[in-house]
Every structure is written in C-alpha cells, then in structure tokens.
Amino acid sequence: REIVIGEYGPRIFAEDFSKRIYYSSDSGATWSVIHTIPKSDTSDLHIHFTAWHPTHTNRVYVSVGDGTFRQLLELDFVGLDKTDPESWSATDRGLNIQPTSSIVFGDKLIFGLDGIGMKTGTLSLFDPETLRESSLLELYVFDSASGLYLQQSNDTYIWGIIRVNGIYYAAAYRDGAESNGIYASQTGLCW
C-alpha cells in the first residue's frame with residue numbers, strides 16, 4: 001500500500017525548519033523524502049495533511065500552513081521511481097484556502113478548514129478538476145442575548161474527517177469554542 005505523509009511540528013535542529021513530504025510503497029516499512037519545502041526562519045511552517053487525488057493515482061495534494069506559507073500544493077509523479085524526489089513535480093494551485101483535513105468523496109475531496117483568510121470550522125467540497133470549492137457545513141451556535149443562531153466565523157477548527165461503516169464524521173475543536181463537537185453525515189453532503 002502506498003502512503004504519503006508530511007511533517008507538522010518543529011524540527012529538532014534550529015538551523016533546519018524545512019518541512020518534508022515522505023512516501024512509502026510498502027505500508028510504511030520504509031520511507032523516502034519526495035519533496036522539501038525550504039524555510040530558514042522560525043515562523044509557523046507545517047504540513048496540515050496530504051491526500052491522494054480521488055481519480056489521478058499519481059497526484060497528491062499537500063496543504064501547507066500557516067500565514068504567509070499557506071498554499072495547496074499538487075505533487076505529480078512524472079518520473080520512473082516514486083522514491084526519487086526528482087520524479088515529482090510540485091505546483092502551487094494558488095488557492096486562498098488552508099484545509100487542515102481531507103477525505104476522498106467520489107471524484108472530489110471534502111476539506112475541513114481552520115481559517116486564515118476564510119471562515120473557520122467549515123467543511124467544503126473541493127473539485128480538483130475545476131479548483132472550485134463549495135460550502136457543506138458552516139457551524140452556528142445559539143446566542144442567548146439575541147435569541148438567534150449566529151455563524152461562528154472564528155469559533156472552532158475542523159481537525160479530522162473520517163468515514164466509518166459508511167458514515168462520515170468531522171471533529172471540530174478549539175479551546176473554549178461553543179461549537180466544538182463531532183458532526184456526522186450519512187451522505188457527506190448534509191451534516
């Protein structure tokens with residue numbers, strides 16, 4: 001089984017804050033670095049997730065954060081050896097989104113977002129062919145002062161999306177947020 005993962009946390013050695021994307025063709029028994037995102041200062045660079053393209057088996061999406069480092073990379077295998085970094089081509093898709101989690105949904109991807117220039121705590125359906133996204137879930141909480149449900153644009157983050165026994169689950173959490181919780185969907189479209 002093929003696996004692609006990326007580094008999230010800080011490097012142990014202060015002189016190297018770069019982040020790497022790793023590939024395994026044997027279910028994680030061995031690993032090779034296939035792409036490095038260079039960085040020379042201590043600000044917040046990390047990999048939120050990697051996800052295989054739903055229909056192009058030689059393409060991987062990499063969500064990079066935060067702030068000025070925010071980008072959605074597309075890594076395409078264009079060579080002969082997937083363990084060789086020279087066999088991968090990286091393209092910044094130029095999207096102003098920062099997904100923190102993803103799951104394949106047919107020929108599309110469902111992204112969980114954590115903000116930075118957009119609404120936090122949302123789920124979006126992303127079409128990799130058109131590079132368009134559409135909102136699936138925006139979280140609201142009850143405001144007792146007004147008696148209304150208000151959209152929480154900075155209330156929580158979507159940290160993970162999984163599918164178990166045919167049901168999709170999204171985990172939302174941020175310290176002190178009112179809309180923290182587990183959200184479920186039988187279809188992936190209605191949450």
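Two strands are said to pair if DSSP finds at least two bridges between them. Strands themselves are DSSP runs (E, at least two residues), as helices are (H or I, at least four), and both are numbered from the N terminus. The model described here is predicted, so local features need pLDDT of at least 70, side-chain atom pairs count only at pLDDT 80 or more, and totals for chains, interfaces and linings use all residues. Residues are numbered from 1 along each chain as its sequence is written, and side-chain values use heavy atoms, with hydrogens and water left out.

The chain contains 16 strands and 0 helices. Of its 191 residues, 43% count as buried, a term that means under 20% relative accessible area, whereas exposed means over 50% and partly exposed lies in between (1.4 Å probe, protein chains only). The accessible surface of the chain is about 10000 Å², and carbon and sulfur atoms account for 52% of that area. Such areas come from the Shrake-Rupley method with a 1.4 Å probe; for residues, only the protein chains shown count as cover. Contacts (heavy atoms within 4.5 Å) were also examined along the sequence. Among those between residues at least 6 apart, 38% join residues at least 24 apart.

An open sheet is formed by 4 strands in the order β4-β5-β6-β7, with antiparallel pairing. The edges are held by β4 (46-52) and β7 (88-92); each has a single partner strand, so one side of each is left without a neighbour in the sheet. From one strand to the next, the twist averages 25°; angles run from 0 to 180 degrees between N-to-C directions, and axes are lines fitted to C-alpha atoms, for helices over the stretch in contact. Strand β4 is joined to β5 (residues 59-65) by 6 bridges, and the two run antiparallel. Tryptophan 52 stands opposite valine 60 of β5.

Towards the end of the numbering, β14 (residues 157-164) pairs with β15 (residues 167-173) over 7 bridges in the antiparallel sense. Glycine 160 has alanine 171 in β15 as its bridge partner. These strands, β14 and β15, form a hairpin with 2 residues between them, and asparagine 165 in the turn has a positive phi of about 50°.

In a regular strand the side chains alternate between the two faces of the sheet. Strand β15 has a covered face, made of Tyr168, Ala170 and Ala172, and an uncovered face with Ile167, Tyr169, Ala171 and Tyr173. Strand β15 also pairs with β16 (residues 181-185), in the antiparallel sense and over 5 bridges. Here tyrosine 183 in β16 is the bridge partner of alanine 170.

Glycine 181 lies in β16 and is partly exposed, at 25% relative accessibility. Apart from residues up to four places away in sequence, glycine 181 touches Ala170, Ala171 and Ala172. Its C-alpha atom is separated by 8.4 Å from that of alanine 170, 11 residues apart along the chain.

Tyr8, Trp159 and Tyr173 make a nonpolar surface patch of about 350 Å². Tyrosine 8 is located in the loop between β1 (3-6) and β2 (19-24) and is partly exposed, with a relative accessible area of 44%. Patches consist of residues with over 30% relative accessible area and no salt bridge; like charges are joined within 9 Å and nonpolar side chains (Val, Leu, Ile, Met, Phe, Trp, Tyr) within 5 Å. A salt bridge is a side-chain nitrogen of Lys or Arg within 4 Å of a carboxyl oxygen of Asp or Glu.
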